[in-house]
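This briefing goes with the sequence and model shown below. Please keep both in view while reading.

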Amino acid sequence: MSTPVMDVLILAYIFVSILHICLGVDLTYYVEEGKSPGTLVGDIATDSHLMDRIPPEEHHLVTFSQLQHGVAGSLQLFRVSKKTGKLYTTQILDAESLCTRNAECFKMVDVAVRKAESFMKIMDIKVTIKDVNEYQPEFPNQRVDIQFSENDKKGTKISIPNAIDRDVGVKNSEITYQLKKNIKPFTLSVSKNVDGTSKLAIKLEDDLDREVKDSYVVQVIARDGGSPSKQSVLDVHVSVTDVNDNTPVFPQKVYNVSIKNIIDGTPVAILSARDLDSGKNGRISYHFTSQTSDVAKSLFKLNEATGEIFLRKILSTGQKLTYKLYVEATDGGNPALSSIAMVLVNVINEKNNAPTIDVNFVSASNGNTVAISEDIKVGSFIAYVKVTDHDAGHNGEVNCDLHHGKFQLESLGVKKYKVVVKNPVDREREDRHEITIICRDKGFPPLHSESKFSIKVMDVNDAQPKFAKDTFKFSVSENQKSKIPVGVINVTDPDLGQSGKLIFSLVNSNKHFLPFQISDNGLISTVMSLDHEFQDVYKFKVLVKDNGIPSLNNTVNVVVEVKDENDNAPYFTFPSVNPYNLDFIYYPHHTNNVTVLRASDKDSRENAFLKYGITKGNEKQLFFINHYTGLLSFTRVVTQQDAGSYDLEFSVKDSGNPVLSATTTISLTLTVSNKTFEMLNAVNIQSEDKIQLYLLILIVLVAVTVSVPVTAFISLCIVQCNDQPTASNRHAANVTDKCINEQRQLICHSHLESSCTDVPAATSGDMHLTGPRRESDDMDNIRKITGGDLMREVSDNYFR
């Protein structure tokens, strides 16, 4: 039947199982003790599902191997098949010799799974050895005699010995107690000792009357938890009398001592229990309980009279250096009373050995160098590190460190680590990393060991081609032959092999013909002769991509300026014909400007900077031309003696090297008039700056009043004249229309050089402008300007 003690043990078993799972156990197998060597424990390959993630054709590359650890030369309990991954026993397993009592019996097996030369996984296999219930609980004696005093009160207890089950399984060694039959006035009291065993006592539940009954027989059943369970019976004979009713008492339940690994006759510990009874009931003897292991008993001896514990022999390196001794103090009463204390002995190894470091690489390695790819992810597993230190206490406590910017150590448990990637690696910056793992114990002085290895970073195509500048600007002269070098695109790619081999190409966004080509080394050259006048600047992009997988690329802007050569001579845009005929009437006290010559040059900059000059026909030095604007004007006051015809030859030159030029001739007929310009008074009004406002208003009103009837009269005359045109006049007007317009344009341009009132305008009968003479013309064509037209033009310029 279930008891509170049983419930506690079940919960403890569940807790231990969950703890092992949390500690990272990959697989758990169960095997019964006593099985013959070669018994199959489990199929690691199948149960771990590792093969599910590997193509069937690569299954033969997967191998399994057991990692050796622990004391050198110790017997190996299991073996694993290298090809199949099946785990077998190597000997008959005995739970009682392998494990301690009242604890789960298991052994850990580390199995390394490799694919070809690289590690796939380090598997922690937990093999639980199932204890067979082969022993029954046994009392030291089948009968025990106890005595109660008739003066004992309710609740008085007298201890009786507990049973021992040599099985080690939690269930098989778990003992429950009960009375076979309830015998009044007694019950069975069960409590737990510090070593996990039960403390039994017969408890008095009512007063005794020795005269009524002086003896009782109480049977106690001890039953284990195995299946099927086994049991034994203890006959407790109770007599009513005065008895030993005080148990020995230790000052403390647990003693924690540390000793040196030497034999010098000094006790490890001295235990002293106290018993309030007198005589033989207070005489105490000491001995190890059954919970003390046989190994501990072989190493330590106990003086039963004094409670002194001594070290029997020096411990060898590799032996366990912490031991638990359970000491029971028993008095001389009948029945004897006892209590138990635990002595925890830590053996200090004076030699203090340095830790041993074992490094296993997960990926392919060559000696002490492991290769990884530079695109490896942060947190990736690089190496498995196991540290061994058989020293005891602080001498056996080890801490390991790895100081590196790219890699770090992560703990996998006690003295187990893994090397993982801490930060991304970049082969282009550093292709090899030197790693040093330092493991240091906590002894005094502390000892340490180092393990050094190298990590080689293998290249991947992760670097994009990089240009030396954002925009490349080149210049090339026009009119050169094809295949002339323009410039080199400087670009770098730090990747190796095909990942660093670059391919260049030109990208033209406007889809027009691009007169350039680019070589494999980034040299841009022309494919034809360039013309600055056709296009002076070319803008395009250069695409550079590497041969990596996947390929990476980059683009850069390129600007090529075509430098101008002085390959175009200037030409006159006015006059547009050569020679050009021009009639000019000069009015005294009027403008000195004659006309403006215009020229153009298809070149640019200094090659298109033009200078005008008079080369012939100016023997009287009457004319002057502005070298930069082309304005032709008189150098002095013109007189009647200056009237006549002039054949003036003009030149225009650019500023290139060599200098190119052009010439044209204007046949100028100069007429000098003595008449006063009709609108001179109107023009002079413009110079009267201090005219009063009311006078200005009056003049404007009078002008408007007079101009209305005059305008009406002139308009009527024009209408009458237009009704009787001759055919020849119409023909002449059409022929000369273009030239008249051209001269009017030039005369208006000369207005910019002087006021509008200075423009020589022809009145009917006084002044006329004649267009260019052509060989096909039979007569000069004259366009007349009426007085009304002149009035309107002058008025518009004045009030503008």
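Predicted model: local features only at pLDDT ≥ 70, side-chain atom pairs only at ≥ 80, totals over all residues.

Residues are numbered from 1 along each chain as its sequence is written, and side-chain values use heavy atoms, with hydrogens and water left out.

**Overall make-up**

- The protein chain has eight helices and 50 strands; helices (H or I, at least four residues) and strands (E, at least two) are DSSP runs, numbered from the N terminus.
- Of the 800 residues in the protein chain, 41% are buried. Buried means under 20% relative accessible area, exposed over 50%, and partly exposed in between (1.4 Å probe, protein chains only).
- The protein chain has an accessible surface of about 44,300 Å², and carbon and sulfur atoms account for 52% of this surface. Accessible areas come from the Shrake-Rupley method with a 1.4 Å probe; for residues, only the protein chains shown count as cover.
- Taking contacts between residues at least 6 apart in sequence, 68% join residues at least 24 apart. Contact means heavy atoms within 4.5 Å.

**Largest nonpolar core**

- The largest nonpolar core contains 27 residues, and those with the most contacts inside it are Ile44, Phe64, Phe78, Leu87, Ile125 and Val127. A nonpolar core is a set of buried Ala, Val, Leu, Ile, Met, Phe, Trp, Tyr and Cys residues joined through side-chain atoms within 4.5 Å.
- At least two residues of this core come from each of strand S1 (27-32), helix H2 (44-47), strand S3 (62-66), strand S4 (78-80), strand S6 (106-115) and strand S7 (118-130).
- S7 gives the largest share of this core, four residues.
- Beyond its neighbours within four places in sequence, Val127 is in contact with Tyr29, Val31, Val41, Phe78, Leu87, Cys105, Phe106, Lys107 and Val109.

**Salt bridges**

- The structure holds 10 salt bridges, each being a side-chain nitrogen of Lys or Arg within 4 Å of a carboxyl oxygen of Asp or Glu.
- Lys115 and Glu58 form a salt bridge, with the closest N and O atoms 2.6 Å apart. This pair links distant parts of the chain, 57 residues apart: Lys115 is in strand S6 and Glu58 in the loop between H2 and S3.
- Both partners are partly exposed, Lys115 with a relative accessible area of 27% and Glu58 at 24%.
- Lys416 and Asp110 meet through their side chains in a salt bridge (3.7 Å, N to O). Lys416 lies in strand S28 (residues 416-421) and Asp110 in strand S6, so this pair ties together parts 306 residues apart in sequence.

- Asp145 and Arg143 form a salt bridge through their side chains (3.0 Å, N to O). Asp145 is partly exposed at 36%, as is Arg143 at 48%.
- S8 pairs with strand S14 (residues 231-240) in the parallel sense over six bridges; two strands pair if DSSP finds at least two bridges between them. The bridge partner of Asp145 in S14 is His237.

- Asp195 is found in the loop between strand S11 (186-192) and strand S12 (198-204), and counts as buried at 9% relative accessibility.
- Outside four places in sequence, Asp195 is in contact with Thr289, Gln291, Tyr326 and Ile340. Asp195 and Tyr326 are 131 residues apart in sequence and 7.1 Å apart in space, C-alpha to C-alpha.
- Asn360, in strand S22 (residues 356-361), is buried with a relative accessible area of 17%.
- Not counting residues up to four places away in sequence, Asn360 touches Leu67, Phe119, Ala383 and Tyr384.

**Surface patch**

- Leu695, Leu698, Ile699, Val702, Val706 and Val710 form a nonpolar surface patch with about 460 Å² of accessible area together. Patches are made of residues with over 30% relative accessible area and no salt bridge, with like charges joined within 9 Å and nonpolar side chains (Val, Leu, Ile, Met, Phe, Trp, Tyr) within 5 Å.
- Ile699 is found in helix H6 (residues 693-722) and is partly exposed, at 34% relative accessible area.
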